Amino acid sequence: MAGLYLHVPFCRQACHYCDFHFSTQTKHMADLVAAMVQETRLRVSSEPRWKDQPFTTLYLGGGTPSILPPDLLQHLVSGVLEALGQPVTDFREVTLEANPEDMTETQIQAWVELGVTRLSLGVQSFHNDTLTWMNRAHTGVQAERAIHLAHELGVKAMTLDLIYGVPTSRSWDNDIARAIALPIQHLSAYALTVEPGTVLGTRVERGAEQPTPDARTAEEYQRLCDTMAEQGWSHYETSNWAAPKPDQGHHTSQHNSAYWSGAPYLALGPGAHGFLGSVRYANVSNNPRYIQAIQQETLLDEREKLTARDRYNELVMTGLRTAQGISPEKLHSATGVRPHDVDAEAWTQALGDGRLVEHQPGWFRIPEPNWITGDQVASSLFALD
Ligand code: SF4
């Protein structure tokens with residue numbers, strides 16, 4: 001079981017906080033799509049084990065994949081899947097990241113016809129002053145209308161992204177209320193981070209902008225946790241909540257859940273990161289260089305062979321971000337070590353002071369109120385050189 005990720009590195013405009021790989025130069029879209037299809041062939045021929053992987057989830061991210069005209073998106077998906085020998089109907093979940101300004105009736109219908117089963121919507125806030133501050137290309141009302149339109153057109157699964165800890169005067173409670181009033185089944189929320197090299201990072205560096213105090217960020221996160229719990233949503237990962245299903249269970253993201261559990265994923269496109277066995281690769285984060293290399297039948301990437309220690313640390317980090325947590329026995333079978341083999345004192349201390357609890361036999365997690373600082377607990381358990 002593996003995931004397939006396609007990185008579409010184009011955006012209409014640069015959000016001031018964003019440090020993902022994208023370009024606002026969109027004139028090479030067709031060349032880029034052709035290169036991604038060709039990369040699929042090169043990846044499969046350079047690593048035949050990809051041919052033996054049944055891919056179960058497809059995620060079109062970016063950047064902004066919804067910016068692609070329908071014919072190019074169709075060409076991308078059908079070309080990649082043909083090279084892998086798997087029809088789109090084999091996938092349990094096909095997610096497309098979309099921004100509200102791209103969600104017209106024609107576009108949404110084309111996505112549904114293509115086999116998209118889930119939309120991931122970049123909303124971030126419903127307040128226009130905050131959206132302007134972020135340099136987003138849509139309004140709050142436009143986002144609400146787009147989500148209702150997709151629902152009416154038969155999109156059964158939708159998730160949206162919000163950002164908390166923003167230093168504007170917008171009401172966070174109102175953002176949460178407007179999100180959960182929509183016909184969505186999943187919500188992701190991320191703390192605003194100040195990344196060097198972004199417009200926001202430069203403003204903070206020059207003193208033109210003050211970062212949000214940690215206490216406010218933590219308080220907004222907690223209010224979101226409380227509200228979603230009152231609504232019966234499952235907080236199944238630090239930044240992710242899933243609505244209850246009518247029968248049983250919750251609308252969790254299958255693609256991300258597989259990623260957090262350490263499943264392999266084939267990632268295509270400039271700036272994409274993939275993983276198989278003990279090797280991780282990162283494609284060059286430059287569109288012209290990526291296209292040129294692929295046209296010359298070359299994979300321009302950096303590869304890293306992960307040691308058992310690297311793998312252990314990653315699984316601890318991602319596992320402790322989830323409600324399921326970590327299992328020492330599963331860690332042992334994946335990496336050869338258990339947490340108490342790595343550092344018995346740190347493990348015993350984390351259990352003793354309540355930073356970790358055994359919530360079901362053999363499974364340990366961080367209590368939910370501490371998830372926002374969970375990375376510190378995880379790193380206290382890391383295997384060091
Ligand atoms: S649309 Fe998404 S990927 Fe593009 S700049 Fe904004 S946050 Fe970044």
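In the predicted model, helix H1 (residues 29-46) packs with helix H2 (residues 70-84), their axes coming within 9 Å and crossing at roughly 10°. The two helices are therefore roughly parallel to each other, as angles under 35 degrees count as such. H1 contributes Met29, Ala30, Val33, Met36, Val37, Thr40, Arg41 and Val44 to the contact. These residues meet Leu72, His75, Leu76, Gly79, Val80, Ala83 and Leu84 of H2. By class, the H1–H2 contact holds 11 nonpolar, three polar and one charged residues.

The protein chain is divided into domain 1 (2-258) and domain 2 (308-380). Their C-alpha centres lie 28 Å apart. Contact between the domains involves seven residues of domain 1 and seven residues of domain 2. On the domain 1 side, helix H8 (214-230) and strand E7 (234-237) each supply at least two of the touching residues. That side comprises four nonpolar, two polar and one charged residues.

Strands E13 (residues 357-360) and E14 (residues 363-365) run antiparallel and are joined by three bridges. Val357 stands opposite Arg365 in E14. The two strands form a hairpin, with two residues between them. Gly362 lies in the turn and has a positive phi of about 85°.

How values were computed
Residues are numbered from 1 along each chain as its sequence is written. This is a predicted model: local features need pLDDT of at least 70, side-chain atom pairs count only at pLDDT 80 or more; totals for chains, interfaces and linings use all residues. Axes are lines fitted to C-alpha atoms, for helices over the stretch in contact, and angles run from 0 to 180 degrees between N-to-C directions. Helices (H or I, at least four residues) and strands (E, at least two) are DSSP runs, numbered from the N terminus. Angles under 35 degrees count as roughly parallel, over 145 as roughly antiparallel, 65 to 115 as roughly perpendicular and the rest as oblique. Two residues are in contact if their C-beta atoms, placed from the backbone, lie within 7 Å. Ala, Val, Leu, Ile, Met, Phe, Trp, Tyr, Cys and Pro count as nonpolar, Asp, Glu, Lys and Arg as charged, and the others, Gly among them, as polar. Two strands pair if DSSP finds at least two bridges between them. Domain bounds come from an automatic or database domain assignment.
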